[in-house]
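Please keep the sequence and the model in view while reading.

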Amino acid sequence: MKSIRNSKKAQPAISTAALPDIVFILLFFFMTVTTIKSETLLVDNNLPQANQVKKLEKKDRVIEIYVGRPNQDLAKVLGSEPRIQLNNKIAHINEVGPYVLQELAQKPDAIRNLVTVSLKIDKEVNVGVVSDIKEELRKVNLLKVNYTVFQGNSQVGKL
Amino acid sequence: MNRNRENPEVNAGSMADIAFLLLIFFLVTATIQTDVGLDRKLPPKETIPPPPVNERNIFRLSLNKNDELFVEDGIMELEDLKIAAMAFLDNGGVPKGNENHCGYCKGTGSPDASDNPVKAVISFNSDREASYGMYVSVQDALTAAYNELRNRESQRLYGKNYVDMEESYYSDDMSHEEKMALQREIETIRDMFPMKLSEAETISKLN
């Protein structure tokens, strides 16, 4: 009060009381839209790049399979051969079919034939492992697959 | 005296700072991750062997264990694959007047490439030792070839890109009628250039 009376030139301070509210709204927005990774990766997962991609829209219609070399901590135990990771544990190729069917059984009836298998495979893995997985998927008649990649110009695997 | 009567106000000035810190923390740690990738449909386990295809309608690709790409009978660089695949698909080898003539093809009509995009098959064999990165790059180049041809035809027929049509089909903001119309257009284009990608051994018909 005093200052205002004293100098007409000085402008009243802008109230910043609403600023925390705005920031909190932003915070809640980000908290809700972002997805926190639910699975811990046990294998290296450096996906290849491609640019003719389509989005994998709905998370609930996707079953994920990870393949890659075991990460540094596990490499001592498992060696450096590529391994398959299903739902937080390292699995054998024979377990792919039962795992996928079990995941499928948990989905609601209406979307069961829309389910896509997302293959998240490290770019240094050999194609042989991938075709084994595809063969397992064919056996259980799950035919929609998605080679999940990073978007970008495909850099050929010149190592 | 004056000061005692008023309730001391809690200083809320630093609240904004705290909230900002939280906000920045979430911005940094969280990634808005929508997965993208190449969609493929695996062939079902069937007992009936596929019908034999004319050799000229097969585009043979193979990847050896050193990640080298072989097209038909020679080594090819990955950058050239898209053009080669497009030339093969868009060839339109059947002459005018024949029932299999491809009216919309703009290719050279070479006797070594496909009769008609509807009949053309791309056969892709990959060595088990080849790297998955290279495998995906080849798949990407083939998808690019199909997309470019499909875009060309949908531009001609409907004045829009095939890729955009597909994208707007999957986003839900349109009425049922519009969606059905779009679906028909997409199917028309897909029938013009059906994606026939075989990873099994493709047997050719002996002439």
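**From chain to helix**

Chain A of this predicted model has five helices and seven strands. From the N terminus on, these elements follow the order α-α-β-β-β-α-β-β-α-β-α-β. Of the 159 residues of chain A, 28% count as buried. Among the contacts in chain A with a separation of 6 or more, 74% are accounted for by residues 24 or more positions apart.

Chain A also touches chain B, in a contact that takes 48 residues from chain A and 44 residues from chain B. On the chain B side, the elements that give two or more residues are α2 (15-29), β1 (36-41) and α4. The largest share, 11 residues, comes from α4(B). By class, this side of chain B has 23 nonpolar, 11 polar and 10 charged residues. Strands of the two chains also pair: β2 of chain A (residues 54-55) and β1(B) run in the antiparallel sense over two bridges. Here Val36(B), in β1(B), is the bridge partner of Lys55(A).

Within chain B, helix α3 (residues 78-89) has 12 residues and reaches 17 Å from its first C-alpha to its last, close to the 16 Å expected. Which residues of α3(B) are buried? They are Leu81(B), Ala85(B), Phe88(B) and Leu89(B). These residues lie on the same side of α3(B) because they cover an arc of only 85° around the axis. Glu79(B) and Asp80(B), on the other side of α3(B), are exposed. The cover over the buried residues of α3(B) includes β3 (58-63), β4 (69-71), β6 (121-126) and α4 (132-158) of chain B.

Conventions: Residues are numbered from 1 along each chain as its sequence is written. Chains are lettered from A and ligands numbered from 1 in the order in which they are written. This is a predicted model: local features need pLDDT of at least 70, side-chain atom pairs count only at pLDDT 80 or more; totals for chains, interfaces and linings use all residues. Helices (H or I, at least four residues) and strands (E, at least two) are DSSP runs, numbered from the N terminus. The expected span of a helix is 1.5 Å times one less than its number of residues. A residue is buried if 20 or more other C-beta atoms lie within 10 Å of its own, exposed if 12 or fewer, and partly exposed in between; C-beta atoms are placed from the backbone. The arc is that of the directions from the helix axis to the C-beta atoms. Two residues are in contact if their C-beta atoms, placed from the backbone, lie within 7 Å. Ala, Val, Leu, Ile, Met, Phe, Trp, Tyr, Cys and Pro count as nonpolar, Asp, Glu, Lys and Arg as charged, and the others, Gly among them, as polar. Two strands pair if DSSP finds at least two bridges between them.
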